[in-house]
Amino acid sequence: MESINFLRFLFIFLSGALVLLFITWVHLPYAPRPTTTTDLLDCSTNTNSPWCTSKNRFQSTNNILKRPPNRKHHHHESSTPRHPLDPLTISEINKVRTILKSHTLFKSSSPSAFHSIVLEDPDKSLVLKWKKGDPMLPRKAAVVARVAGKSYVLTVDISTGEVAVQETGSRSGYPTMTIEDMTSSTWAPLSNGDFNRTIIERGVDLKDLACLPISLGWFGENEENRRLIKVQCYSMKGTANFYMRPIEGLTVLLDMDTKEVVEISDKGRSIPIPKAANTDYRFSVQESNPEMMFVNPISIEQPKGPSFTVEDEHLVKWANWEFHLKPDPRAGVIISRAKVRDPDSGEMRNVMYKGFTSELFVPYMDPTDAWYFKTYMDAGEYGFGLQAMPLDPLNDCPRNAYYMDGVFAAGDGTPYVRSNMVCVFESYAGDIGWRHSESPITGMEIREVRPKVTLVVRMAASVANYDYIVDWEFQTDGLIRIKVGLSGILMVKGTSYVNTNQIPGQENLYGTLLSENVIGVVHDHYITFYLDMDIDGSDNSFVKLNIQKQQTSPGESPRRSYLKAIRNVAKTEKDAQIQLKLYDPSEFHVVNPTTRTRVGNPVGYKVVPGGTAASLLDHDDPPQKRGAFTNNQIWVTPYNQSEQWAGGLFVYQSQGEDTLAVWSERDRPIENKDIVLWYTLGFHHVPCQEDFPIMPTVSSSFDLKPVNFFESNPILRIPPNFEKDLPVCKPAAST
């Protein structure tokens with residue numbers, strides 16, 4: 001009977017009914033319904049429609065930019081690299097796979113898997129010198145593999161076939177899980193009779209079972225010397241939102257390599273599985289509500305197409321910006337060689353060599369048996385890019401978005417395409433670039449306003465229940481805004497309580513009662529960004545501009561106090577370890593001390609924090625040791641190509657000895673050096689009922705803003721909008 005049930009479950013899993021972690025089900029909750037193409041008039045293709053007319057355009061925009069190509073017809077098999085930082089193509093990944101299969105390390109019958117096959121970036125100095133038309137720099141692949149239970153880092157020269165095996169040292173931890181690791185771990189417990197009996201005794205039919213692979217952090221020697229994973233399960237019966245129906249207290253400890261069930265912990269038999277009612281978030285199952293306030297469809301129309309281009313598949317050019325863009329299986333999106341045009345000289349000036357999401361740390365605040373280990377590192381354990389899902393046109397991204405696919409390698413080295421993984425689009429939300437109106441008392445009738453249009457690069461990753469939206473927003477005034485949105489579904493805990501009046505006063509729920517038998521557990525999110533700033537060149541300095549209160553001398557002024565900005569240049573790494581403090585304010589600048597404005601200020605950019613949170617965990621708590629890169633909001637390190645992942649190269653089951661915090665303790669010189677700035681954006685999340693059954697997006701951001709980089713306002717000369725230049729879209733009822 002058990003074998004029959006197992007085969008039934010496996011059939012369901014393979015047929016796609018049980019999607020588990022790897023295919024997002026997250027759409028818009030309730031109202032409004034998702035936008036479809038039938039809701040919107042396409043003014044870019046219906047330029048003669050009476051609904052979409054444009055009489056004239058500014059003379060300055062008569063040079064119409066070529067529209068980005070339609071990626072639906074892109075043939076990745078024929079792609080060739082055209083820039084030294086272009087990701088590996090399908091043919092290159094296949095060649096790397098062929099080379100390695102004939103290498104001594106992989107010739108044995110021992111089990112092996114490729115955990116990562118990506119471009120090994122050429123030396124930075126060579127990339128900076130390279131120009132379009134130059135011979136392509138040698139293409140190499142950086143490979144992380146597991147063979148016979150050991151981890152290896154290899155470099156493969158794609159042209160020569162030469163393979164170099166690098167020393168991995170004595171670091172703890174394992175590589176990022178492969179998709180195959182995760183999928184096989186979710187069904188492995190079904191081969192265990194005790195597990196199947198437990199599920200049936202809990203009242204769950206095996207055909208309704210959904211399980212998740214949960215990284216277990218590191219909590220001592222008994223977890224060393226083998227790759228372990230924990231599996232917890234849910235009931236899918238009656239809902240697509242199985243996350244809201246946990247089989248509480250049931251945890252399987254699994255050997256990820258052998259798929260052996262090491263231990264089954266079942267401590268929640270008295271806790272009922274929450275009901276399925278009102279948990280499904282899909283639009284198709286929502287009841288219509290005439291009292292619900294719907295909004296009419298909205299779309300930005302661009303009769304002459306977008307103002308940006310994508311050249312050679314990865315070089316984005318828009319307004320005064322250009323940068324290289326590529327998907328990455330671990331980071332999600334990588335922005336490189338970001339340059340902005342100087343409005344006076346016309347020169348493209350360097351701002352950032354490379355920027356990406358380095359790590360995400362998500363500790364849950366429940367120390368009980370089934371929860372204490374939930375302290376995820378979403379990039380280093382699961383692969384932030386591997387969990388990126390195809391974006392939904394018109395709802396994830398507007399109509400005129402350009403979509404970019406990711407080309408990644410599966411566990412056996414076979415390349416595959418993650419379609420529509422990244423989108424690029426222009427955004428206008430009615431914001432103002434700058435404005436000034438003169439008061440009537442001056443006698444001057446002046447009202448000058450400029451609209452703000454920005455360019456957004458977006459990806460969304462669905463890491464099991466949670467959805468992360470990451471935006472890189474480029475503005476014409478030189479500012480870059482990095483924004484993270486959190487949505488998706490809470491990871492919840494089952495409980496016997498159905499109302500707060502049942503809860504004893506002294507009991508700690510570790511969260512909020514969201515619905516009958518459902519607790520949303522308190523947790524944090526920390527997203528650490530790697531920002532290799534190259535302000536007018538690679539050698540930069542970090543300046544802390546401390547804003548301090550000064551007292552006036554007796555008789556000096558009617559004022560008693562004022563503020564003064566005191567400039568301190570960081571000499572070494574420890575000088576640049578910053579914890580943000582509201583009552584000890586500072587500005588944080590990255591400057592080029594050798595390049596100055598006409599009046600003598602060093603050119604630079606500053607980090608402008610937005611709303612954020614700091615970790616309150618004990619520094620000796622095992623999860624915080626691994627996540628010690630969140631001990632500060634800002635770090636600055638000297639550029640080192642091997643130091644890119646804040647949690648270390650091998651994060652899974654790591655002990656925290658190879659993190660940004662450890663590197664920075666070396667206290668290396670950083671003044672007038674090639675430096676990297678690290679910024680951590682944080683969220684404390686105390687769940688509330690509005691987060692059930694799916695969360696409205698909550699966002700926060702930080703800015704990289706020019707500070708004395710330009711001689712004056714760089715958007716002073718942009719034109720205003722005029723009615724005659726804009727398309728006129730008439731409501732359907734009026735036609």
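Lys-267 is exposed, with a relative accessible area of 62%, where exposed denotes over 50% relative accessible area, buried under 20% and partly exposed the range in between (1.4 Å probe, protein chains only). The model is predicted, so that local features require pLDDT of at least 70 and side-chain atom pairs count only at pLDDT 80 or more, whereas totals for chains, interfaces and linings use all residues. Residues are numbered from 1 along each chain as its sequence is written, and side-chain values rest on heavy atoms, with hydrogens and water left out.

Lys-267 forms a salt bridge with Asp-369, the closest N and O atoms being 3.7 Å apart; the term denotes a side-chain nitrogen of Lys or Arg within 4 Å of a carboxyl oxygen of Asp or Glu. Lys-267 lies in the loop between strand E8 (261-266) and E9, and Asp-369 in the loop between strand E13 (348-363) and strand E14 (375-377), so the contact ties together parts that are 102 residues apart in sequence. Helices (H or I, at least four residues) and strands (E, at least two) are DSSP runs, numbered from the N terminus. Asp-369 is partly exposed, with a relative accessible area of 34%.

A further salt bridge joins the side chains of Glu-301 and Arg-399 at 3.1 Å, N to O. This pair links distant parts of the chain, with Glu-301 in the loop between E8 and E9 and Arg-399 in the loop between helix H7 (378-382) and strand E15 (402-409), 98 residues apart. Glu-301 counts as buried at 15% relative accessibility. In the salt bridge of Glu-671 with Lys-571, the closest N and O atoms are 3.1 Å apart. Glu-671 is placed in the loop between helix H9 (660-664) and E31, and Lys-571 in the loop between strand E27 (561-569) and E28, so parts 100 residues apart in sequence are tied together. Both residues are partly exposed, Glu-671 at 34% relative accessibility and Lys-571 with a relative accessible area of 46%. The structure holds 37 salt bridges, and Lys-124, Asp-532, Asp-534 and Asp-674 are linked in a network of such contacts.

Strand E31 (residues 673-685) is mostly covered, with 11 of its 13 residues buried. Pairing of two strands requires at least two bridges between them in DSSP. E31 pairs with strand E25 (residues 523-533) in the antiparallel sense over nine bridges, and His-685 in E31 is the bridge partner of His-523. The pairing of E31 with strand E26 (residues 539-551) is also antiparallel and comprises two bridges; here Asp-539 has Asp-674 as its bridge partner.

Strand E30 (residues 634-638) runs antiparallel to E31 and is joined to E31 by five bridges. Ile-634 stands opposite Tyr-679 in E31, while Pro-638 has Ile-675 as its bridge partner. Five of the five residues of E30 are buried, so this strand is largely enclosed by the rest of the structure. In a regular strand the side chains alternate between the two faces of the sheet. From E30, Ile-634, Val-636 and Pro-638 point one way and Trp-635 and Thr-637 the other way.

A search of the whole structure finds 26 aromatic pairs. Rings of Phe, Tyr and Trp (its six-membered ring) pair if their centres lie within 6.5 Å; planes under 30 degrees apart count as stacked, over 60 as edge-to-face and the rest as tilted. Phe-542 and Phe-588 form a stacked pair, at 6.4 Å centre to centre and 5° between the planes. Phe-542 lies in strand E26 and Phe-588 in strand E28 (residues 586-596), so the pair ties together parts that are 46 residues apart in sequence. Phe-542 is buried at a relative accessible area of 0%, as is Phe-588 at 5%. Phe-356, Tyr-530, Trp-645, Trp-663 and Trp-678 form one aromatic cluster.

Thr-309 is located in strand E9 (residues 308-311) and is buried, with a relative accessible area of 12%. The C-alpha atoms of Thr-309 and Val-424 are separated by 9.8 Å, although the two residues are 115 residues apart along the chain. Tyr-428 occupies the loop between strand E16 (415-427) and strand E17 (432-437) and counts as partly exposed at 38% relative accessibility.
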